[in-house]
Amino acid sequence: MRYQSTTGLDHDQIQELVARIHQVLGPSHRPTGRPAALGLYRSVLLTLVLLRQNLAQTVAADWFGVSQPTVSRVFRRIAPLLGQVTCPHTPPLPEALAGRVVLVDGALIPTHDHASHRKANYNSKHRRPGVTVQVLAALDGTLLAVTDPVEGRTHDSRAYTLTGLDLLLADNQVVADLGYQGTPAIRPRRKRPGRRTHTPADKIWNTSVSAIRAAVEHAIAHLKDWKILATGYRARLSELPTVIRIVTSLEHYRLGW
């Protein structure tokens, strides 16, 4: 298996995760009775593949030679353990933000069209249902944090307040896009009233801000390489915040935090 492209982690990183989970499980993990369909190593591998590729569980079952219910049980058991053993790699806030220029942008996590949440989670910009998170990155594109999700219809400037970023980043210089009007963030300039184009000075300013903001777009792109956050989340919406936290911890682990 090409581990890096299939799971997002290299072979050594996967082995390390397996060892950590084995240590967490302790003696209680020793199998009794009928042998498990998948051992611990392949269970971790299966869970990483589901998170990275967002495969349908029936397809993953064919890949690993087990049944779909087994895939579901393995994922629900191993995914929280992955979050637990990678949690120490999550940068501590607000310490990790101290003295940094922080780039902020919103990202839509697409979901299936759940009827009970259709109106609240429909994002008119992307024309699809989902929830939105605020992504924080450093100037070099390093992922710093991902907030808890809010309703997909929530505007970025509103989400900035709802997620507590207005307080968390009160002492930081923040760079964002035009969606953050009304916040203290540095952002591009709109066209002046009565003008059809930007002034030369505004064009230079906007080009400079866009060049700086490109780094947070790269951070979002790398985060969404975990396709469970990019190609349509299919499971219970109540579990999505936990999945986002697990994927964020895995991305921090991948980056070597």
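1. Helices (H or I, at least four residues) and strands (E, at least two) are DSSP runs, numbered from the N terminus. In this predicted model, local features need pLDDT of at least 70 and side-chain atom pairs count only at pLDDT 80 or more, while totals for chains, interfaces and linings use all residues. Residues are numbered from 1 along each chain as its sequence is written, and side-chain values use heavy atoms, with hydrogens and water left out.

2. Leucine 82 lies in helix H5 (residues 68–86). With 0% relative accessibility, leucine 82 counts as buried (under 20% relative accessible area, 1.4 Å probe, protein chains only). Beyond residues up to four places away in sequence, leucine 82 touches Leu17, Ile21, Val44, Thr47, Leu48 and Leu51 (contact means heavy atoms within 4.5 Å).

3. The largest nonpolar core has 56 residues, and Ile21 and Leu51 have the most contacts inside it. Such a core is a set of buried Ala, Val, Leu, Ile, Met, Phe, Trp, Tyr and Cys residues joined through side-chain atoms within 4.5 Å. Another core, apart from it, has 14 residues, including Val102 and Ala176.

4. Leaving aside neighbours within four places in sequence, the contacts of leucine 51 include Phe75, Leu82, Trp226 and Leu250.

5. The axes of H2 (residues 11–25) and H10 (residues 240–255) come within 11 Å and cross at roughly 125°; axes are lines fitted to C-alpha atoms, for helices over the stretch in contact, and angles run from 0 to 180 degrees between N-to-C directions. Gln13, Glu16, Leu17 and Arg20 in H2 meet Leu250, Tyr253 and Arg254 in H10.

Technical notes: Buried means under 20% relative accessible area, exposed over 50%, partly exposed in between (1.4 Å probe, protein chains only).
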